[in-house]
Every structure is written in structure tokens, then in C-alpha cells.
Amino acid sequence: MDTPNLGIPQRLARRLSMPEQYEYLRTKLSRRGTLATAGAMAGGLLVGGCSGSEEEPARKRSSPPAPAAATGRVHGSVVVPFGRRLAFGADPKTQMRISWQVPFAVKQPYVRVGLKPWELSRKIEAELRDLRTPSLSEMLPSVDQYYLHAALDGLKPGTTYYYGVGHEGFDPADRLETLGTFTTAPAKAESFVFTAFGDQGVSYDALANDQVILGQNPAFHLHAGDICYADTTGHGEEGDVYDARVWDQFLAQTESVAKSVPWMVSYGNHDMEAWYSLDGYGGQLARWSLPENGFDPRKAPGVYSFVYGNVGVVSLDANDVSYEIPANLGYTDGKQTKWLDRRLGELRASDAVDFVVVFFHHCVYSTSTHASDGGLRDTWLPLFTKHQVDLVINGHNHVYERTDAIKGGRVGKRVPVGASTDPTRDGTVYVTAGGAGKELYGFPEGVADSYEGRTDERESVESYHWTKEREQKSETVEWSRVRYTGFSFLSVEVEAGTAPRLKVSALAQTGARIDHFEVRRGA
């Protein structure tokens with residue numbers, strides 16, 4: 001039986017996807033101003049919504065602001081969660097963080113979890129983080145968004161769990177079609193695959209990349225910044241063009257992968273959203289739950305690390321050291337770099353860690369549109385050399401480009417397609433994997449793509465890097481080994497045992513391989 005005036009009729013709700021239900025309710029609010037409450041079911045009323053009224057000019061804030069008073073009421077039974085996404089806690093063997101979104105504030109949000117879909121006996125209370133974005137122009141309404149997060153600790157290593165997200169009026173135990181799964185990291189190192197890219201946004205190409213990634217069955221995914229492009233300008237300033245609603249589209253798009261694959265993000269220049277906090281990360285603190293083991297998880301939420309199997313992974317905030325886009329230049333006062341030096345040393349000293357992978361947004365080495373950032377070279381390159389980092393993954397440039405092994409700022413060894421390299425002897429390979437879905441860039445004029453099956457060997461490429469004075473200093477580089485102008489991502493197969501290795505491949509949106517090489521230490 002339909003319940004009138006409570007939001008979406010039940011028979012219609014059953015036919016609509018979660019994003020479609022969300023859009024239906026938003027449209028209804030915009031058209032009618034409020035949702036009628038006459039005849040509402042007893043109990044479980046939810047508040048929230050999206051207001052189209054004008055607001056005072058946006059101000060920077062130190063934390064996400066709370067939404068304004070409710071514009072209407074909706075019964076919990078017709079509010080369907082969407083945008084589910086996973087992230088590891090500091091220990092992937094025993095900790096998982098589950099996040100999702102609802103179109104209206106809900107009562108008593110929670111996660112059910114268990115070893116079988118019909119036995120979700122464990123119930124964990126969730127935290128609601130509301131985020132209000134004021135009207136930033138006559139064309140954009142103010143927006144209220146509601147993000148929910150649950151911390152699951154004390155899990156068993158190497159175990160697959162079923163989970164469902166809910167709230168008062170919506171119990172996932174009664175809706176098995178809404179359940180998801182995740183698998184914790186194994187207690188002992190074993191072979192696995194992880195994937196990575198940067199600069200995704202919302203598009204058909206972004207969605208196509210997601211589906212190919214899902215086919216790799218990755219243990220986790222690394223997103224090297226510029227996540228959804230709600231801020232299309234990317235300067236980290238209040239004058240940037242910004243539409244918070246793009247996050248709703250992105251999280252709905254990404255859910256097909258992120259609901260079962262931990263989606264580990266770092267932050268790029270388009271992720272500095274100046275309307276929420278001085279450093280621009282107030283909105284990200286509302287949306288994401290990431291490991292809180294960096295030097296200051298509230299000030300620098302994109303700085304953290306975790307160990308999965310025999311691989312130590314480090315996420316960095318390149319906005320802190322970028323010469324090209326200086327909105328956040330130096331905002332950690334050197335604390336991030338000191339933490340990085342200490343953390344890389346700890347990982348390299350651990351007998352359980354064979355490989356160290358670092359990911360962040362801006363490029364240390366690239367010849368594409370944004371080229372290379374001298375701030376990263378000046379600040380972090382010596383540490384990557386000192387601690388013999390095995391692989392560095394960047395985004396920022398919307399192409400695929402891969403270097404030779406670089407040691408001390410010079411080519412330590414040429415690494416053509418299919419070759420093997422030893423970081424203890426040759427140096428570190430740097431990969432730009434920025435072809436996740438946004439409009440593609442290109443390479444310098446006259447420089448052709450060069451990838452598996454279509455190589456264009458050349459001794460050097462004319463490029464530049466950004467200086468501290470924000471100038472483009474020309475340079476002739478010899479390290480640009482593989483270049484591909486197309487949508488793509490990185491797939492890394494990690495092998496454990498007596499002869500561990502990283503088998504690194506780059507796959508095009510079609511699934512075709514465009515590059516591959518191996519990393520072996522002490523080989």
C-alpha cells in the first residue's frame with residue numbers, strides 16, 4: 001500500500017535505483033519547497049533536505065558546518081542509502097571503515113555485519129557527519145549532505161564479511177539485495193592484486209574504468225587525488241567554481257567497486273574546497289574515513305599509511321609541497337615531511353615488508369600538460385632515494401606515463417616495456433596514472449605515444465618543471481620511457497614468498513595491456 005506525501009511511493013521506490021530515488025526526492029523538494037507530513041507513519045521521521053534560498057557569502061571554517069533547519073520530513077522506510085564505500089583502518093587485518101550517504105538526516109544509523117548474509121548479528125552504531133554548502137551563485141542552491149561512517153574493529157584476518165547499512169525505518173536484514181561484502185587482509189603475506197589511478201571525475205569513461213578494475217579482483221584501490229571535480233577550477237580558492245552535488249553523482253558511480261574494494265584516497269588540487277575550512281579539507285573530513293595514523297589526522301586527513309601483506313603503502317598530501325598550485329604550500333610547516341622520513345624508515349626496517357609504495361597527486365616526473373613539480377623534487381625526492389622506495393604513483397596529468405628507474409635525480413637504469421628493475425641498485429620507478437576518466441591531456445608537440453605494441457624510442461623529451469617562483473623551467477629529460485594518451489589504470493600483482501616481486505601492468509579502458517615491468521629487490 002502506498003503512503004501518500006512521505007516522499008517516494010513504496011511501489012515506485014522498489015523500481016528506482018538509489019541515485020534515482022535521491023534525485024526524485026531532491027526534485028520534489030525543489031518543486032514543492034517541503035514534503036507534506038499529513039498521514040505520516042508513527043515514529044522514525046527523518047529531517048533534512050536541500051534549500052534553494054540565498055545564503056550569506058561563503059566563509060572559510062575550521063570544521064564542516066551543520067545544516068540549517070529542516071525543510072521537510074521523510075519516513076525512514078523510503079530513505080535508501082547509497083554511495084557505499086570501504087576503507088581500511090590502520091590495520092587492514094582487523095579494521096574496516098564503512099561509509100555511505102543518505103539524502104536526509106536519519107535516526108539511529110548503523111551497520112549490520114556477519115559471516116553469512118542471513119546472520120547479521122553484530123550491529124555497530126554509525127556516526128552522522130552533516131555538511132552544508134551555502135549558495136555560491138545564483139545558479140546553485142545551498143546543499144545539505146549527510147554522510148555516515150561506522151568503524152569495524154576486532155575483525156578476523158583473511159575473512160569475508162557480509163554487511164548492510166541502515167537506520168530507523170530501513171533494516172538491511174530485511175533487504176538482502178542491499179548487502180555488500182568485504183575481505184580483511186590475510187594474517188600472513190600472500191599474493192594479491194591492487195589497482196590505482198588518479199583524476200577520475202564523473203563520466204562514462206570513469207565508469208568504464210571502474211568496471212575493468214572490478215574484473216581485476218583487487219584487494220584495494222588507490223585513488224591518487226582529484227577525486228570527483230566538484231571544484232572544477234582546482235586552485236584551492238573561494239573563487240573556484242564549485243558544485244557540491246557532483247559528490248553525490250561520484251559516490252553513486254563509484255559504489256559498484258568501492259562497496260567491496262577499500263577505496264583509499266589521497267587529495268589533489270581539485271580536492272581543496274575552500275568553503276569548509278582554512279586548508280580546504282573540511283568537506284573531505286565529512287565524506288571519508290581513512291586511517292588516522294598520520295602525523296595529524298584532523299589537520300592532514302590524506303596523510304596515512306597501512307601494511308597489506310608484504311607491502312607498505314603511504315598516502316601523502318602533495319598540496320603541502322607543490323610549487324605549481326601554492327594554496328596549501330607549507331601548511332603543515334614541514335611536519336608531513338618529517339613524518340614521511342620516519343614512516344619510510346619504519347617500513348623499510350620491518351621484516352614483514354618487502355615493498356614500499358607511495359602515492360599522491362602531483363607529479364615528480366612527467367612531460368604532459370602540468371609537467372613535473374619542483375616542490376616534490378626538492379622536498380621528497382631525497383627521501384624516496386634514501387629509503388629506496390619501490391614504486392611512486394601520481395595523477396594530475398591526464399595520461400599514462402612511466403619513467404625509467406631514477407636514482408638521485410638521474411636515470412639509474414633504462415626500464416623498457418617488459419623489463420625488470422631492482423630499487424636497491426637502480427632507483428625508483430615513477431608512474432603517472434592520471435587517465436581515470438577526466439578529459440585527456442597530451443604530450444609535448446612532436447612527442448609520440450610509446451607503449452606496448454607501439455614503441456617510439458627516443459633519447460630525450462623537451463619538457464619543464466615548476467620552480468619555487470612558480471615559473472616553468474625548461475629541461476631536457478631522458479627518463480620518459482612509456483607514454484599513452486588514453487583512459488587507463490594501474491594493476492599491480494604482488495607476489496610473496498622467497499622471491500617476492502611486484503608485477504606492474506597498465507591497462508587501457510578496454511582491458512588491453514599498454515605497459516608492464518617487474519620490481520625485484522636484490523635480484
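Hi everyone. When I say two residues touch, I mean that they have heavy atoms within 4.5 Å of each other. Please keep in mind that this is a predicted model.

Let's start with C363, which sits in the loop between β16 (355-359) and β17 (372-373). Is C363 buried or exposed? With a relative accessible area of 1%, C363 is buried, because the cut-off for that word is under 20%. Leaving out residues up to four places away in sequence, C363 touches A371, S372, D373, L376, N394, G395, H396, N397 and T432. Take N394 from that list: it is 31 residues from C363 in sequence, yet their C-alpha atoms are 5.6 Å apart in space.

Now to β17, which belongs to an open sheet of three strands with mixed pairing, in the order β17-β23-β24. Which strands are at the edges? They are β17 and β24 (472-477), each pairing on one side only. Strand β23 (residues 461-466) runs antiparallel to β24, and six bridges join the two. Within that pair, Y464 stands opposite S474 of β24.

Last stop, helix α6, residues 335-349. The buried residues here are Q336, T337, W339, L340, R343, L344 and L347. They cover an arc of only 150° around the axis, so they lie on the same side of α6. Turned away from that buried side is a face with the exposed residues K338 and A349. And what covers the buried residues? Among the elements doing so are β14 (304-308), β15 (311-315), β16, α7 (374-379) and α8 (381-386).

Key
Residues are numbered from 1 along each chain as its sequence is written. This is a predicted model: local features need pLDDT of at least 70, side-chain atom pairs count only at pLDDT 80 or more; totals for chains, interfaces and linings use all residues. Side-chain values use heavy atoms; hydrogens and water are left out. Helices (H or I, at least four residues) and strands (E, at least two) are DSSP runs, numbered from the N terminus. Buried means under 20% relative accessible area, exposed over 50%, partly exposed in between (1.4 Å probe, protein chains only). Two strands pair if DSSP finds at least two bridges between them. The arc is that of the directions from the helix axis to the C-beta atoms.
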